[in-house]
Amino acid sequence: MKTRKIITLLAHAFVGWALCTASMVLGMTLTSVENAIIIHAIAAPIIAAAVSLVYFGKYGYTTPLQTAIAFTSFVIVVDFFVVALLVQRSLEMFASPLGTWIPFALIFTSTYLTGTYVEKRSGGTASTRA
């Protein structure tokens, strides 16, 4: 895969991560941490679906499975290195299934299902532009 295509994929993953982070930060600003975690768990798959819809609709360089793996891996890596280690200086966030693991699974599932939907709707594979 060409560098431009990888950057495009990762840029979309970054946008998804940034919007999910914004939902968490906004939630913590307006309500309790517990409620913010619930808001984030609800928002994460919606955000992933929206970002995936844009990615698959305009680019679609990767298959739904590849994209779901890339988006979810990006979120996990950035949450681990940036949020947990640099910002919070603790891995405590990974002890919360609702705070991390469930949103990770929902991001994966939402991205995969969106890609599959776009493939079926367009009558081909999402990665035909690769």
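Thr3 lies in helix α1, a helix here being a DSSP run of H or I with at least four residues, numbered from the N terminus. Thr3 is exposed, at 56% relative accessible area (exposed is over 50%, buried under 20% and partly exposed in between, for a 1.4 Å probe and protein chains only). Between the C-alpha atoms of Thr3 and Val78 there are 20 Å, and the two residues are 75 apart along the chain. This is a predicted model, in which local features need pLDDT of at least 70 and side-chain atom pairs pLDDT 80 or more, while totals for chains, interfaces and linings use all residues. Residues are numbered from 1 along each chain as its sequence is written, and side-chain values use heavy atoms, without hydrogens or water.

Leu10 is also found in helix α1. With 37% relative accessibility, Leu10 counts as partly exposed. Its C-alpha atom is 9.6 Å from that of Thr67, a residue 57 positions away along the chain.

## Aromatic pairs

Let's turn to the rings. Rings of Phe, Tyr and Trp (its six-membered ring) pair if their centres lie within 6.5 Å, with planes under 30 degrees apart called stacked, over 60 edge-to-face and the rest tilted. The count by this rule is eleven aromatic pairs. Take Phe14 and Phe74: their ring centres are 6.5 Å apart and their planes stand at 90°, so this pair is edge-to-face. It joins distant parts of the chain, since Phe14 sits in helix α1 (residues 3-30) and Phe74 in helix α3 (residues 64-88), 60 residues apart.

Elsewhere, one aromatic cluster is formed by Tyr55, Phe56, Tyr59, Tyr61 and Phe71.

## Helix α1 against helix α2

Two packed helices are described by the angle between their axes and by the distance between those axes. Helix α1 packs with helix α2 (residues 33-58) at about 155°, and their axes are 8 Å apart (axes are lines fitted to C-alpha atoms, for helices over the stretch in contact, and angles between N-to-C directions run from 0 to 180 degrees). α1 and α2 are therefore roughly antiparallel (over 145 degrees; under 35 is roughly parallel, 65 to 115 roughly perpendicular and the rest oblique). Their crossing is right-handed, the term for a near helix turned clockwise from the far one by less than a right angle, with anticlockwise being left-handed.

On the α1 side, the residues that meet α2 include Leu9, His12, Val15, Leu19 and Met24 (contact means heavy atoms within 4.5 Å). Among their counterparts in α2 are Ile37, His40, Ala44, Ile47 and Tyr55. This contact of α1 with α2 divides into 16 nonpolar, six polar and no charged residues (nonpolar: Ala, Val, Leu, Ile, Met, Phe, Trp, Tyr, Cys and Pro; charged: Asp, Glu, Lys and Arg; polar: the others, Gly among them).

## Helix α2 against helix α4

Helix α2 also packs with helix α4 (residues 97-122), here at about 25° and with the axes 8 Å apart. That makes α2 and α4 roughly parallel. The crossing is right-handed.

From α2, Ile38, Ala41, Pro45, Ala48 and Phe56 are among the residues that meet α4. On the α4 side, the list includes Leu98, Pro103, Leu106, Ser110 and Val118. The contact of α2 with α4 has 14 nonpolar, seven polar and no charged residues.

Tyr117 is found in helix α4 too, and it is partly exposed at 48% relative accessibility.

The axes of α3 and α4 come within 8 Å and cross at roughly 155°. That makes α3 roughly antiparallel to α4, and this crossing is right-handed. The contact includes Leu65, Ala68, Phe71, Val75 and Asp79 of α3, along with Phe104, Phe108, Thr111, Tyr112 and Glu119 of α4. By class, it has eleven nonpolar, five polar and two charged residues.

Which residue other than glycine has a positive phi near 55°? Arg89 does, and it is found in the loop between α3 and α4. Arg89 counts as exposed, with 71% relative accessibility.

Terms used: Helix = DSSP H or I, 4+ residues; strand = E, 2+ residues; numbered from the N terminus.
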